[in-house]
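Student: Hi! Could you walk me through this one? I'd like to start with a single residue and then look around.

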Amino acid sequence: MAKAYFGRRYMLSASHRLHSESLSDAENRATYGKCNNPHGHNYVIEVLVGGEVDRETGMVVNMATLDETVQEHVLARFDHTNLNCDALFVNQVPTTENLTKVVFDVLKQALPAGKLEYVRVEETENNFFEFRG
Ligand code: NI
């Protein structure tokens with residue numbers, strides 16, 4: 001099957017504190033440095049979907065459907081929140097690795113089957129993370 005790909009970017013502002021319950025306070029400071037303090041990021045969430053171009057619509061995934069899905073399942077849940085307080089981060093440190101994986105898992109459930117290729121999250125100008133399932 002010849003595949004086409006469509007990517008779109010979304011902004012997400014949230015705070016987190018990198019702190020593992022299985023480490024001592026001193027180990028947490030040694031592991032996470034200043035990221036052990038609460039702080040925030042303006043994340044850029046990049047979503048790539050792929051698949052056959054629908055003959056009727058000429059699209060891979062309808063952009064409105066993608067926007068609604070990301071809005072409902074990701075932005076409404078995480079934008080302007082403290083990630084540490086979300087149920088999905090109760091048992092895992094809200095690093096951007098884990099945020100990327102959580103966003104991928106949530107969108108995979110919500111989007112049409114087989115369409116989600118990857119989620120990429122830019123944390124700063126110099127850091128990015130990617131999860132492909
Ligand atoms: Ni951070």
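Student: Which side chain does Asn127 meet in a polar contact?
Tutor: The side chain of Glu123, at 2.9 Å. A polar contact here is a pair of N or O atoms within 3.5 Å; within protein, one must be able to donate a hydrogen and the other to accept it, and residues adjacent in sequence count only if both atoms are side-chain atoms. Keep in mind that this is a predicted model: local features need pLDDT of at least 70, side-chain atom pairs count only at pLDDT 80 or more, and totals for chains, interfaces and linings use all residues. Residues are numbered from 1 along each chain as its sequence is written, and side-chain values use heavy atoms, with hydrogens and water left out.

Student: What else does the Glu123 side chain make a polar contact with?
Tutor: Thr96, at 2.6 Å.

Student: And where does Glu123 lie?
Tutor: In the loop between strand 4 (116-122) and strand 5 (128-131). Strands are DSSP runs of E, at least two residues, and helices are runs of H or I, at least four, numbered from the N terminus.

Student: Is Glu123 buried or exposed?
Tutor: Glu123 is buried, yet has no salt bridge. Buried means under 20% relative accessible area, exposed over 50%, and partly exposed in between (1.4 Å probe, protein chains only). The nearest side chain of opposite charge, Lys34, is 11 Å away. A salt bridge needs a side-chain nitrogen of Lys or Arg within 4 Å of a carboxyl oxygen of Asp or Glu. For charge, Lys and Arg count as positive and Asp and Glu as negative; His and the chain ends are not counted.

Student: OK, how many salt bridges does the structure hold?
Tutor: There are 10. One of them joins Asp67 and Arg8, 2.7 Å from N to O. Asp67 lies in helix 2 and Arg8 in strand 1, so this pair ties together parts 59 residues apart in sequence.

Student: Switching topic: how many disulfides does the count come to?
Tutor: The count is 0, taking a disulfide as a pair of cysteine sulfur atoms within 2.5 Å.
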